[in-house]
Amino acid sequence: MPHQDKKDDKKLPDTLGLSPEILDLLAKFQEIELEDFQMDVKELELSFEPGMAGQIMPKLKLPSAVKPGKPISMLQAAFVPPIETYPSKIAEVKLGATKAEGGTRSRAIIIGGETSPAFYTFERPVVHTPIVTLDVFDMEVPLSKAVKMHVKDVVGDPAAWAKLAVEKFGADMVTVHLISIDPLLKDATPKDAVKTVENILQAVDVPLVIGGCGDPIKDADVFEAICNTFPNERFLISSITRDMDVERCAKYVKKNGHVALSFTPMDLNLARELNRRLYDFLGKEDIVMDLTTAALGYGLDYAFTNMERARMAGLMGDSELAHPMSSGTTNAWAAREAWLKMAPEWEPRELRGPLWEVTTALTLLLAGVDLFMMMHPAAVKTLKDVTKNLVNGGKVDAAKFADWVTVKA
Amino acid sequence: MSKRASMKELSPIDVYKLLPKTNCKECGQENCMAFATKIVNREVNIDSCTPLFKKEYAKAFSQLKELLKPAVQEVTVGVGDKAKKLGGKLVMYRHEFTYTNPTAIAIDVTDEMPENELTSRIKKTENFSFEYIGYTLKLDMIAVRCTSGDAEKFKAAVKKVTETTSLPFIICALNPAVAEAGLMAAPKARPLLYAANSENWKDMAELALMYDCPLVVSSPNDLNTLVSLAKTLLAYGVKDIVLDPGTFLNEGIGTTLNNFTMLRRAACKGGEELAGFPLMAVPMAAWIGKGETADEIVKWKEAYLASMLVVRYADIVVMHGNDGWSLLPIAVLRQNIYTDPRKPVAVAPGLKVFGTPDENAPVLFTSNFALTYYTVASDIESNKLNAYLIVVETEGSAIDSGVAGRKLTAERVAEAIKTSGVEGKVKHRKLIIPGKASRISGEIEELSGWKVQVGPRDSSEIPKYLIEKWRP
């Protein structure tokens, strides 16, 4: 962690280096006051005195008769790291565009490009660090208590919510969920949706994900208006599904230089099929795929295996699956164990909930997910910390490890 | 390192060739080929072919045993009902074959804990129990750590542990004399002995042989020494070995995952026998140098690291934090990762009857996604409700994703009501729909002709909802 100028302490965190330790988020789960808890991790780590076990001489006599054939000194063997090569690589996809690139974002972010399974860094370094986009809803939606307490002041104001997500919670991107366009809810017009997106573009300078309501016809109309109004911003359009007019959607995504999120319900054959339909209009560099995320305890095993298989297939040369993967990790909150008030031995849910989300996220991180759509600030913080550590690595203090036996915890 | 053939290439013919080929049916299968197929699918045990025990087949039998040996050796800790098997993995990736022997979760105690704290920690570990879609999630082991450095104290603590629980345990003491004191308190319990390292391996090997217990080899972040120790111990006569490549937090997470992944790949894909042992992870290393950090934070770190290592090949994890909120996600994840990946995502659609519903009983519907169905069914069942539940074909989607992805539509609900035959079983025409399907309530009324009542968003609230809102 870089040393920071004390004068900068009051500044809002803009990178991980300046964000608070997870402990501050959690120890204060009653109320989130991030700026007040800026602290360098190193300040918290006290030096540890080595355990005593090694210094104590044996008191008991051990049997010393060595049977013939028993080695009297250590035999040597070499561990050969099992390095493999893969015939193919995952496509690189650029999200967002700077002014120079025809957009308005402060930077663009590239995801994908991997040449080995997720974090096999003994084999090859990570090409592009997985990133997090935070959910912002354009109207009131049911939120769990653990999440709500962090966003209660901005619910109903998507621009303010986006600002909070970027400036306080360290989001790399923001997802605008245009729930209000749902014909069965508010049936807001494409024009209304354009306005919402406009406000968010003004409020934050990160790349955006544009999320629809799930109605295949309405989404297609709204996405078209947004793609046409903001050409070359390289939005991730979330999502294009098999029951939409795929040709129409793919055309306006391509024409305006955006990116399609190809969404299918946990079936690799369907994912291949939809991607093939998109290839008629879009390049490999214009498609991210969402293979469906199920919550920990509610089908995460299927999601994990599906994604791990897709990534392996992509590396082994199945180009129809060699796309970066996105995960709707917020689905973790669909698990009742994430939000329900349970018997006292499982409380507090303020910790259980975000841990549920981060466990879902980390499991899928290891399957190869490149882009996480997430919700809870503590879960986001942990995912970003872990990802940073996995990408950068660092020295380990091997000698200290044995202290776990004697540590006074 | 020595190699053996990869498990992946095993075909029924390979097995069949070594069987007696008499089609005697003693194993319960129609013929030897059918038996060979079941063997390859790990659905039956080779020992159920009783003719193989005859002297004339001795060679074939040992060849079969070798052929079917898992890539990762199976090591048993403890004795009796609660003995825990570690490892025994056949494959590296979950999509290749079902993982065997779910990661054991061990919770620590120390020899310096006051007696009541020690027993209450053990009781808490024993009593951890969570009902989850028909499974009971439990913890598995106790790790007894010597923090005092005093052999007599350690012996007393191990004795107390054996008097308090029948759970298997780990003797954690790097000093062989102290470790032996612990073993003397439980000479027949077959605990896991932690650990042999490059200094003490000879004494630890003697103890493992003398007390017939499995032995952990510890070599933090040094895999050459780790496999060298494994080779040495095998030569010494120790057969049951567990490997501990070290568990590192924070910037060491990548190194930790790399070591676990390399070892497992070497065992499963490379057939490296010295890497083919169960792997031990110690997320409780998070407590080393804890300083002023809040306990919750350490528990949080320990928990997510344990989860990552359940995914990345740990066969046992040692934990200190024993709070329900931090252990529950690990226990659920372990259950998820260790299920059979061939298990269908969906249950059969149709009408399910709970209790003894009469003509005024409530009618509800849910999706055919297995996890949704089992959750709803268990909420109805455990509350002893009398009700009809229509399982709608949603191609394995949950309610919310089904509605969003047009897998759960009003057309499908209306169709399911018709074909379920429920219209001949109840007098009323009122359907309780999941709260998360409220968006399509109007369409359902239109298409089915039933009156729709929007129920709770979570099925745990169904009992309360029925009391308050159900009037046939």
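**Review notes**

1. In chain B, strand β16, helix α15 (residues 441–448) and strand β17 form a β-α-β unit, and the unit is right-handed. Strands β16 and β17 (residues 451–454) of chain B run parallel and are joined by 4 bridges. Within that pairing, B:Ile433 faces B:Val454 of β17(B).

2. β16(B) also pairs with another strand. β14 (residues 363–367) of chain B runs parallel to β16 (residues 430–433) of chain B, with 2 bridges between them. Here B:Leu364 is opposite B:Ile432 of β16(B). As background, strands of a sheet pair through backbone hydrogen bonds, in either the parallel or the antiparallel sense.

3. The average pLDDT of chain A is 87, and 83% of its residues score at least 70. Residues 1–20 of chain A fall below 50, yet this stretch has 26 contacts in the model beyond near neighbours in sequence. Residues 30–66 of chain A are also below 50, with 67 contacts beyond near neighbours in sequence. Where pLDDT is low, predicted coordinates should not be read in detail.

4. Chain A overall. The chain has 13 helices and 10 strands. Of its 409 residues, 51% are buried. Take the contacts in chain A between residues at least 6 apart in sequence: 71% of them join residues at least 24 apart.

5. Chain B overall. The secondary structure comes to 16 helices and 17 strands. The C-alpha trace of chain B spans about 80 × 65 × 40 Å along its principal axes. Buried residues account for 54% of the 472 residues in chain B. Among chain B contacts between residues at least 6 apart in sequence, 64% join residues at least 24 apart.

6. Domains of chain B. The assignment gives domain 1 (7–68), domain 2 (74–337) and domain 3 (350–469). Between the C-alpha centres of domain 1 and domain 3 of chain B the distance is 48 Å.

7. The 8-stranded sheet. Chain B has an open sheet with the order β10-β9-β8-β7-β6-β3-β12-β11, paired in parallel. Which strands stand at the edges? They are β10 (241–244) and β11 (280–281) of chain B; each has a single partner strand, so one side of each lacks a neighbour in the sheet. Further in, β3 (residues 104–110) and β12 (residues 316–319) of chain B pair in parallel over 4 bridges. B:Ile105 has B:Val317 of β12(B) as its bridge partner.

8. The largest nonpolar core. This core holds 263 residues, and A:Val174 and B:Leu215 have the most contacts inside it. Helix α10 (residues 295–311) of chain B contributes the most, with 10 residues. At least three residues come from each of domain 2 (74–337) and domain 3 (350–469) of chain B. Apart from this core lies another, of 12 residues, including B:Val15, B:Leu19, B:Ala36 and B:Leu52.

9. Around A:Val174. Which residues does A:Val174 touch, leaving aside those up to four places away in sequence? The set is A:Thr133, A:Leu134, A:Val136, A:Ala162, A:Ala165, A:Val166, A:Ile200, A:Val204, A:Val206 and A:Leu208.

10. Around B:Phe35. This residue sits in helix α2 (residues 32–40) of chain B. Is B:Phe35 buried or exposed? B:Phe35 is buried, because 26 other C-beta atoms lie within 10 Å, against a cut-off of 20 or more. Not counting residues up to four places away in sequence, B:Phe35 touches B:Leu19, B:Cys27, B:Gln29, B:Val44 and B:Cys49. B:Leu19 is also among the residues of the 12-residue core. B:Ser48 is 13 residues from B:Phe35 along the chain, and their C-alpha atoms are 9.5 Å apart.

11. Contact between the chains. How many residues of each chain take part? 87 residues of chain A are in contact with 104 residues of chain B. On the chain A side, α1 (22–27), α9 (300–315), α10 (336–339), α11 (349–365), α12 (377–392) and α13 (398–401) each supply at least two residues. α11(A) gives the most, with 8 residues.

Notes. Residues are numbered from 1 along each chain as its sequence is written. Chains are lettered from A and ligands numbered from 1 in the order in which they are written. This is a predicted model: local features need pLDDT of at least 70, side-chain atom pairs count only at pLDDT 80 or more; totals for chains, interfaces and linings use all residues. Two strands pair if DSSP finds at least two bridges between them. A crossover is right-handed if, with the strands pointing away from the viewer, the path from the first strand over the helix to the second runs clockwise. Domain bounds come from an automatic or database domain assignment. Two residues are in contact if their C-beta atoms, placed from the backbone, lie within 7 Å. pLDDT is the predictor's confidence in each residue, from 0 to 100. A nonpolar core is a set of buried Ala, Val, Leu, Ile, Met, Phe, Trp, Tyr and Cys residues joined through C-beta atoms within 7 Å.
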